[in-house]
Amino acid sequence: MFTVSLPPHIHSPHSVSRCMWSVVIALVPALACAFWFFGLGAAIVTAVSVVACVVFEYAITRWMLGRRPTVYDGSAALTGLLLALNLPSNLPVWIVVVGAFVAIAIGKMAFGGLGCNIFNPALVGRVFLLLSFPAQMTSWPLPAADRLAYTDAATGATTLSLIKTGAASPADIDLWQLTVGGVGGSLGEVSAIALLIGFIYLLATRVISWHIPVSIIATVALMSFLVGADPLVEILSGGLLLGSIFMATDYVTSPMTRSGMLLYGVMIGLITLVIRLWGAYPEGMSFAILIMNGFTPLINRYFKPARFGSARRAAKA
């Protein structure tokens with residue numbers, strides 16, 4: 001069908017599939033670090049999550065909705081990859097499949113598919129698993145000495161958990177290990193450098209802008225300094241960088257204007273730090289992003305760009 005729309009016509013080289021696969025490419029350094037530090041377990045969790053998300057989306061669009069499958073745009077694979085990076089490497093396969101089903105069926109397709117979902121699908125799956133299987137989701141494997149070993153024998157607390165329980169102070173934390181990896185946590189928490197490499201790639205290819213990630217990180221740094229916490233520990237620990245760069249910047253669930261993005265990022269940073277310091281959970285990034293996903297329509301309503309030609313009409317008046 002030939003569609004005719006009113007001008008102005010804006011052309012861009014960025015298609016949906018190109019943006020999705022660009023994010024996947026940007027995640028390759030973090031994924032490589034996860035495979036290196038956690039071995040075969042990380043590969044199994046990632047493969048199961050990606051395949052399950054693709055299969056569930058294909059089945060729902062093809063046989064339940066009767067539409068042309070949309071898995072070729074890369075969004076389902078990206079959801080599976082992001083979900084895997086939010087999981088521990090020793091998570092049982094069947095729990096990974098449950099998380100993938102919730103992410104795709106409830107977090108995405110229940111709203112109508114890509115472009116219609118209110119919340120980030122991967123985070124919907126992750127939070128569902130955290131609330132449903134808290135023991136399995138908080139059993140964090142330590143980096144294996146044998147890179148090919150698939151074992152959950154050596155588990156320990158994350159950096160944020162140690163600080164939350166008082167088992168360690170920020171002064172005891174090795175910032176170098178947080179930067180290069182080698183700490184317990186989910187697959188996407190192990191190397192800040194790898195995540196920052198992906199951030200630079202996304203900025204260079206103009207897939208995302210700096211507004212949301214920088215506003216989140218700056219807010220966490222400033223507020224943690226004001227309340228006496230260590231800004232570097234708060235920034236490098238947990239899923240702050242993963243969430244700021246790859247999940248809060250989701251096109252569908254984040255604001256459209258730059259001013260709206262800045263407000264969105266500031267609020268995510270504030271909520272994350274409040275949950276970390278005074279909430280029941282040591283990490284609050286996932287909850288903060290989902291909460292602000294719900295406010296995105298309201299932000300878009302009150303932070304609208306100027307209409308094309310409105311300034312000229314106002315001048316003539």
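This is a predicted model: local features need pLDDT of at least 70, side-chain atom pairs count only at pLDDT 80 or more; totals for chains, interfaces and linings use all residues.
Residues are numbered from 1 along each chain as its sequence is written, and side-chain values use heavy atoms, with hydrogens and water left out.

Let's begin with Glu57, which forms a salt bridge with Lys108, their closest N and O atoms being 2.7 Å apart. Glu57 sits in helix H2 (residues 40-64) and Lys108 in the loop between helix H4 (93-106) and helix H5 (121-132), so this pair ties together parts that are 51 residues apart in sequence. Helices here are DSSP runs (H or I, at least four residues), numbered from the N terminus. Both Glu57 and Lys108 are buried, meaning under 20% relative accessible area with a 1.4 Å probe and protein chains only.

Next, turn to Arg276. It pairs with Glu234 in a salt bridge, the closest N and O atoms being 3.0 Å apart. Because Arg276 lies in helix H13 and Glu234 in helix H11 (residues 231-236), the pair ties together parts that are 42 residues apart in sequence. Arg276 also meets Glu283 in a salt bridge (3.0 Å, N to O). Glu283 and Arg276 are both buried, and Glu234 is buried too. Through shared partners, salt bridges join Glu234, Arg276 and Glu283 into one network.

Helix H13 (residues 258-278) also packs against helix H14 (residues 285-302), at an angle of about 150° and with their axes 9 Å apart. The axes are lines fitted to C-alpha atoms over the stretch in contact, and angles run from 0 to 180 degrees between N-to-C directions. That angle makes H13 roughly antiparallel to H14, a label for angles over 145 degrees. Among the residues that meet are Leu263, Met267 and Ile271 in H13 and Phe287, Ile291 and Ile299 in H14, with contact meaning heavy atoms within 4.5 Å. By class, this contact has 13 nonpolar, 4 polar and no charged residues.

Finally, find Leu241 in helix H12 (residues 240-247). Leu241 is buried, with a relative accessible area of 5%. Leaving aside neighbours within four places in sequence, Leu241 is in contact with Ala192, Leu195, Leu196, Ile217, Ile235, Leu236 and Phe246. The C-alpha atoms of Leu241 and Phe199 are separated by 9.2 Å, with the two residues 42 apart along the chain.

Methods:
Helices (H or I, at least four residues) and strands (E, at least two) are DSSP runs, numbered from the N terminus. Angles under 35 degrees count as roughly parallel, over 145 as roughly antiparallel, 65 to 115 as roughly perpendicular and the rest as oblique. Ala, Val, Leu, Ile, Met, Phe, Trp, Tyr, Cys and Pro count as nonpolar, Asp, Glu, Lys and Arg as charged, and the others, Gly among them, as polar. Buried means under 20% relative accessible area, exposed over 50%, partly exposed in between (1.4 Å probe, protein chains only). A salt bridge is a side-chain nitrogen of Lys or Arg within 4 Å of a carboxyl oxygen of Asp or Glu.
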